[in-house]
Number of protein chains: 2
Amino acid sequence: MVVVNKGLDNIYVKESKICFIDGENSKLYYRGFSIEELAEKSNFEEVAYLLIHGQLPTREQLSSFNSFLAENRGIEEIMNLMRLIPKTSHPVDMLRTAVSALGMHDSEASDNSRDATVRKALRVLAKAPTIVAAFDRLRKGKEPVKPDARLSHAANFLYMLSGKKPTEREAKILDIMLILHAEHEMNASSFSCSVTVSTLSDMYSAITSGIGTLKGPLHGGANEAALKMFMRVGDPSKAEEFVDEALRRKEKIMGFGHRIYKSLDPRYRVTKPIAAELAKQRGKMSLYETAVRVEDAAIKALAASKLFPNVDYYSGIVFSNLSIDPDLFTNIFTIARISGWAAHTLEYLEDNRLIRPKAYYTGTLDLKYVPIERRS
Amino acid sequence: MVVVNKGLDNIYVKESKICFIDGENSKLYYRGFSIEELAEKSNFEEVAYLLIHGQLPTREQLSSFNSFLAENRGIEEIMNLMRLIPKTSHPVDMLRTAVSALGMHDSEASDNSRDATVRKALRVLAKAPTIVAAFDRLRKGKEPVKPDARLSHAANFLYMLSGKKPTEREAKILDIMLILHAEHEMNASSFSCSVTVSTLSDMYSAITSGIGTLKGPLHGGANEAALKMFMRVGDPSKAEEFVDEALRRKEKIMGFGHRIYKSLDPRYRVTKPIAAELAKQRGKMSLYETAVRVEDAAIKALAASKLFPNVDYYSGIVFSNLSIDPDLFTNIFTIARISGWAAHTLEYLEDNRLIRPKAYYTGTLDLKYVPIERRS
């Protein structure tokens, strides 16, 4: 009997040692370490190393990893191209194009050895924040800010975006958010990278596919949609009415539900107190309180359907209070997720097999070609 | 029991009315029409219409389809970007970047209605040959040739490449080759487009993923590799020795074998006489005869393993005798396959489901975070 599985639900496409999601028990592990412990004790660069290389780095390993990233932050090779990009472009389309362009400038582009593939992934990891920040400044009529090699990945990004050094706490908050978004098992974008590289294509092609796949509102766009939903609600007092009305119309509550989690998303638990902290500090409690009351009402209404808030529910509020424009949120996700994409791509290539499923044909056969003058 | 299926072999990811490959009986159908009949009686534009819209067009439908394509061939919007592309770039990296850039310039980029999605696909279909030809001229220090709206898709491409109008027969041969390459069920690149669009991302992202996926030597690069193999053999008299030696070393014979075909690829049968015709006309019989003798020896040696020549075996000789550089072959494949990618993407979206498989976790859990100074 032919079984058609459109979403590939519950199909295992590889064995993996990168990530485990325990959807029943609200747990997420990177390389065996719980996300809560990494968010509390580690930092993004160390987590990227862990994902890509399989274990926590020694001091020397981390130091040379950090130096490689810091030295590769510059994007001079595509700066002329960046200046040609229409200011009205969607930032995801921009990033997809710019990363694809990096592949034309890398002298190791056609070296498919593992070492070169790792270096190419790290170059994209290093350059992506610079690209995102440069475009945001260019579209606002400002000159890009050159990266500062003395700053961490997170701090340098905020610096390149605003031109001002962030506070230690702001940088730490973005660092935690990058850790939370770095990896999430065989999601659509990581799978997309794997499909691309399974033909023995290269890392730039893989990451370009990942960015285009993450763009879709069913994947990367949910935090922006959640933030806009809170804005539409407008005031905490309108939350309950909004949820009733939305569910009556069978509309989705953005930032709720996940194919794997059947209870709370552990990343949500880390994000919520950070969203509260920043909202308070920025004097923007009304939006946060709106989110909390929408959440409370939606949890009550949706618990029976096993729909719970996920990481996207509060992350938009956090990014927004770090002065990041909503249409950049998906790119922030990408900046972090490149590390997971790289890890999955490298792991897939260790024992590669071309990914080539089938379509089940339900059409007719042996039609006779009719000359155009006899068609109607 | 957990089954891990790395290549997704024999997994059906959707029902489809686009393409049927009868691998046992050497048959290939587009929308129910056999590839032999389409190659003989139809033309590429009509086949693209058939694939995308599901039936052969009436005269009016074809006329308006052709006009839309001809009117959209220009690439003025990315011409400055094209001039920035390093002349040494791999043409596939170039095309991936240029198509991604088109998405930043399309005013319908964020309109995900079916009609707008079709129009976006047709714009890429119309512009891709112009991009490929323009880059080939720019890298050779020549000015790009503007498209000629009076020429067919195939004839116009050859014209933009060389600056000279092709003969009717040359244009027809490329037209046939485009028909043969237009579609091939749920191959890795069509699947890659489907994964990307399943997040509700857009057509430009999907086709960009397809190009990056087609780049790999396990997918789009085989005809170039086959041509280079014939060149390495050097002379028809060395064919048998070459095959013996290659098989002894367990090396692949390029252009042989296919996951679906367990007998001859029907596209191979159409291509071989065309390769002979062009080789004779160009006075390049030695390379063609080398290919024939390698083929004969390899068929004898490999028939027991059910490995037969596929479309890639002779298509490189055809393209080469149409004065197309070998590193452009994958882009010719893309120019044709955009029609199949568009058809699959549109069909997938009719009843979309996010493609999100799983990875089977075989790593450890609950590792304790060790501070960096205590790691070794």
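Q: What is the count of residue pairs in polar contact between chain B and chain A?
A: In this predicted model, the count between chain B and chain A is 69 residue pairs in polar contact, both residues being at pLDDT 80 or more. On the side of chain B that touches chain A, helix α5 (residues 91–105) of chain B gives the most, with 9 residues, and by class that side has 45 nonpolar, 32 polar and 25 charged residues.

Q: Why is the pair B:D9 and A:R353 called a salt bridge?
A: The closest N and O atoms of B:D9 and A:R353 are 2.5 Å apart, and the cut-off for a side-chain nitrogen of Lys or Arg and a carboxyl oxygen of Asp or Glu is within 4 Å, so the pair qualifies. The count between chain B and chain A is 13 salt bridges.

Q: What makes strand β5 of chain A and strand β1 of chain B a pair?
A: Pairing needs at least two bridges, and β5 (residues 358–361) of chain A and β1 (residues 12–16) of chain B have 4 bridges, in the parallel sense, so they count as paired. The bridge partner of A:K358 in β1(B) is B:Y12.

Q: How much area is buried between chain B and chain A?
A: The area buried is about 9,500 Å², of which carbon and sulfur atoms give 60%. In chain B, the residues that lose the most area to chain A are B:K6, B:R356 and B:Y369, together 10% of what that side buries.

Q: Why is helix α15 of chain A described as mostly covered?
A: Buried means under 20% relative accessible area, and 9 of the 10 residues of α15 (residues 312–321) of chain A are buried, so the helix is mostly covered.

Technical notes
Residues are numbered from 1 along each chain as its sequence is written. Chains are lettered from A and ligands numbered from 1 in the order in which they are written. This is a predicted model: local features need pLDDT of at least 70, side-chain atom pairs count only at pLDDT 80 or more; totals for chains, interfaces and linings use all residues. Side-chain values use heavy atoms; hydrogens and water are left out. Buried means under 20% relative accessible area, exposed over 50%, partly exposed in between (1.4 Å probe, protein chains only). Helices (H or I, at least four residues) and strands (E, at least two) are DSSP runs, numbered from the N terminus. Buried area is the accessible area (1.4 Å probe) that two parts lose on being put together, summed over both. A polar contact is a pair of N or O atoms within 3.5 Å; within protein, one must be able to donate a hydrogen and the other to accept it, and residues adjacent in sequence count only if both atoms are side-chain atoms. Ala, Val, Leu, Ile, Met, Phe, Trp, Tyr, Cys and Pro count as nonpolar, Asp, Glu, Lys and Arg as charged, and the others, Gly among them, as polar.
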